[in-house]
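These are my notebook entries on what I looked up in the structure shown below.

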Amino acid sequence: MTAPARPAASAALPRARRWRRRLPWWTLVAVLGVIAALWVFPFVWMVSASLKSPAEIFAGGLDLVPEQLRWENYARAWTDGNFRRYLLNTAIVTVGTVVIVVVRCALAGYVLGRYRFPGSRLILGILVATLFVPTGYTIIPIVKLSMQLGLLDQLSGMILALSGGANVAAILIYAGYFRRLPAELEEAAVVDGAGFLGTFTRIMLPLSMPVTATVSVLTFLFTWNAFFLPLVFSFSNPKLRTVSVGMQAFVGENSTDWSGMAAAGVISLIPIVALFAFMQRYFVEGIAGSVKS
Amino acid sequence: MTGTPALARPREAPSAAPRLAPPQRPRRPGQRARARRRTLWIYAFLLPTVVLYGMYTLYPMIASYWYSLVEWNGFTADQRFVGIDNYRAVLADPMFWSAVRITVVFMLIVTPLRVFGAFFLAILLNSPKLPLSSFFRTLYFLPVVTTTAIVGVVMRFVLDPASGPVSVLAGLLGLGPIDLLGSSATALPTAALIYVWKFFGITLIYWLAALQTVPKDLYEAARIDGAGAVATFRHITLPLLIPFLAIITVLTVEDCFHAFDLMQTMTAGGPFYSTEIIEIYVYRYAFAATIPQLGFASAAAVLFGLLVLVVVGAQLWVTMLARRSGARA
């Protein structure tokens with residue numbers, strides 16, 4: 001008779017115990033949550049400021065919710081602040097750089113990863129040795145060279161300089177990936193009558209899609225956020241500014257327009273944050289790769 | 001060991017990376033022509049990289065040395081050879097040594113906070129029992145993807161002494177308005193902390209990747225042996241992570257030499273040059289001056305390249321020594 005009641009009574013006990021065991025974890029979640037809120041605060045503040053009136057910001061309240069949503073701040077940044085142009089420039093430069101980097105790194109990674117040939121060790125050695133070259137060291141000759149080639153005041157010059165620089169990691173990622181593909185693939189392709197180029201374009205390249213995604217995403221991030229090169233390349237021609245340089249110019253010219261500045265920041269960051277939201281896996285894989293290898 | 005990270009990558013299975021001997025078929029006349037064609041393709045594939053990398057990385061590295069030996073303002077064609085005078089001038093400039101000191105201090109503040117802070121956070125986030133851990137990963141990683149130059153500008157406003165939220169909050173707490181970036185005593189530590197915040201996520205991902213390499217069955221075995229969480233951590237996780245400490249530190253230190261974007265947009269080296277890292281020093285003489293001194297700036301840039309080389313090289317050397325003695329023990 002008491003039998004049915006007993007499981008219920010004993011079930012209540014483990015549940016309480018389970019809660020007690022989980023309590024430290026939920027405390028930890030609360031602590032991490034508070035830190036995370038502080039962590040993203042600058043972005044939250046920026047979004048909030050972009051929708052406030054300048055007077056409301058200067059009043060210095062800590063309230064993050066605007067009294068009234070002022071979308072005109074965005075219109076001001078977009079047209080008066082030239083962010084329409086800056087955004088377009090950044091998109092052109094980023095897409096151009098990503099395409100060039102993916103093509104040249106896939107090609108180089110393929111032959112360096114799969115073939116031994118005279119000079120292959122030397123090339124790999126040079127690439128690895130220059131893995132850590134800082135931009136501050138190479139910038140002056142890059143500018144001088146671009147000036148001599150007539151590329152200094154052009155987006156194409158910016159694209160070439162950005163895609164010629166620090167992409168050693170991408171080549172190494174491709175090389176490592178191609179090296180691990182089984183040799184039977186090539187043999188089958190040769191039997192089918194495919195040449196060197198055919199083997200690469202029809203078999204190897206499609207197989208390397210995960211790596212291509214990783215390299216594209218990381219190059220996108222690197223180029224979208226680039227500042228030093230675009231800054232120097234757009235000195236004499238403000239029409240070439242990317243968003244990162246444009247932001248500097250905007251606050252230089254409108255130092256009191258806080259809400260316009262915040263709106264410009266939101267406009268500039270939305271594309272890269274959206275890319276991150278959808279392609280998070282590839283960001284993480286690309287960065288983790290440098291530790292694993 | 002072929003000596004490069006890419007080649008030293010552990011191969012997953014013997015069958016995964018077979019480098020088959022050339023086919024043992026009898027040599028046909030077409031064979032040699034095909035081999036030659038293959039070699040041509042190989043060099044054709046390398047061409048874009050050789051051209052672009054040569055133009056924008058290798059040539060500038062070498063040209064910097066030439067520029068550092070001439071006196072040149074960048075406008076006129078005449079470059080007057082002055083030998084090591086530029087180096088002498090740079091080394092005699094107290095501002096250069098101040099920039100070196102600031103670069104090193106910046107690195108010394110940022111690296112331990114990032115390496116050890118990210119280590120602890122990674123341990124927590126790696127626990128399967130922690131609820132919402134992937135949500136936290138995303139949030140803590142978020143600053144990494146944002147444009148540094150834009151974050152630098154936004155931070156200037158967040159830390160503004162008059163209307164910035166940080167100063168307003170300090171005022172409400174009775175600390176009065178504070179100007180963290182405006183005083184030379186606090187500007188460098190503040191900038192360093194912002195840099196830690198900005199790129200903390202990268203080091204976090206490094207550690208999480210390192211934690212993934214700990215085999216799951218080791219945990220299982222430890223649990224069966226009755227080891228508690230602390231004992232498992234001390235005797236299994238920690239020893240397996242130590243080798244990663246070296247490479248993660250190297251990567252993080254190297255990252256500290258790329259602070260130009262943040263510094264230039266946030267403080268531009270000020271106030272009173274208290275945050276002037278070497279990259280800003282070079283930039284000031286090469287591009288921001290009314291009469292650029294490209295020779296002088298190149299000499300400083302070359303010295304900066306040497307500093308990076310020495311710091312990173314020394315670390316890699318120590319790492320290799322430690323690994324070798326560890327292998328012997």
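**Entry 1. A threonine in a loop of chain B.** I began with the cut-off that the first reading needs: a residue counts as buried when its relative accessible area is under 20%. The model is predicted, and I read every value below with that in mind. I looked up B:Thr267, which sits in the loop between α11 (260-266) and α12 (278-288) of chain B. Its relative accessible area is 14%, so B:Thr267 is buried. I then asked which residues B:Thr267 is in contact with, leaving aside its neighbours within four places in sequence. They are B:Leu181, B:Leu262 and B:Thr275. With B:Thr275 I also noted a polar contact between the two side chains, at 2.7 Å.

**Entry 2. Helix α12 of chain B.** Nine of its eleven residues are buried, and I recorded the helix as mostly covered. Among the buried ones are B:Glu279, B:Tyr281, B:Tyr283 and B:Phe287. B:Val282 also belongs to helix α12 of chain B. At 1% relative accessibility, B:Val282 counts as buried.

**Entry 3. Chain B as a whole.** I counted 13 helices and two strands in chain B. Of the 329 residues in this chain, 49% are buried.

**Entry 4. Salt bridges.** How many salt bridges does the structure hold over all chains? I found eight, and I followed up three of them.

- In chain A, the side chains of A:Glu186 and A:Arg114 meet in a salt bridge with an N to O distance of 2.8 Å. This pair links distant parts of the chain, 72 residues apart, with A:Glu186 in helix α10 (residues 184-191) and A:Arg114 in helix α5 (residues 83-114) of chain A. A:Glu186 is buried, since its relative accessible area is 16%. A:Arg114 is buried as well, at 10% relative accessibility.
- In chain B, the side chains of B:Arg114 and B:Asp255 form a salt bridge at 2.9 Å, N to O. Here, too, distant parts of the chain are linked: B:Arg114 is in helix α4 (residues 94-126) and B:Asp255 in helix α10 (residues 229-255) of chain B, 141 residues apart. I noted both residues as buried.
- B:Arg88 forms a salt bridge with B:Asp85, and their closest N and O atoms are 3.5 Å apart. Because these two are three residues apart in helix α3 (residues 85-92) of chain B, about one helical turn separates them. B:Arg88 is exposed, with a relative accessible area of 54%, whereas B:Asp85 is partly exposed, at 41%.

**Entry 5. The two domains of chain A.** Chain A is divided into domain 1 (5-58) and domain 2 (76-292). I took the distance between the domain centres over C-alpha atoms as 37 Å. Eleven residues from domain 1 and nine residues from domain 2 make the contact. The two domains of chain A bury about 760 Å² between them, and 85% of it is on carbon and sulfur atoms. On the domain 1 side, A:Met46, A:Ser50 and A:Phe58 lose the most area, together 52% of what that side buries. The elements that give two or more residues to the domain 1 side are α2 (41-50) and α3 (54-58) of chain A. Of these, α2(A) gives the most, with six residues.

**Entry 6. Between the chains.** A:Trp39, A:Phe132 and A:Tyr137 supply 9% of the area that chain A buries, more than any other three residues. What does the rule count between these chains as salt bridges? The count is zero. Residue pairs in polar contact, both at pLDDT 80 or more, number twelve.

Technical notes
Residues are numbered from 1 along each chain as its sequence is written. Chains are lettered from A and ligands numbered from 1 in the order in which they are written. This is a predicted model: local features need pLDDT of at least 70, side-chain atom pairs count only at pLDDT 80 or more; totals for chains, interfaces and linings use all residues. Side-chain values use heavy atoms; hydrogens and water are left out. Buried area is the accessible area (1.4 Å probe) that two parts lose on being put together, summed over both. A salt bridge is a side-chain nitrogen of Lys or Arg within 4 Å of a carboxyl oxygen of Asp or Glu. A polar contact is a pair of N or O atoms within 3.5 Å; within protein, one must be able to donate a hydrogen and the other to accept it, and residues adjacent in sequence count only if both atoms are side-chain atoms. Domain bounds come from an automatic or database domain assignment. Contact means heavy atoms within 4.5 Å. Helices (H or I, at least four residues) and strands (E, at least two) are DSSP runs, numbered from the N terminus. Buried means under 20% relative accessible area, exposed over 50%, partly exposed in between (1.4 Å probe, protein chains only).
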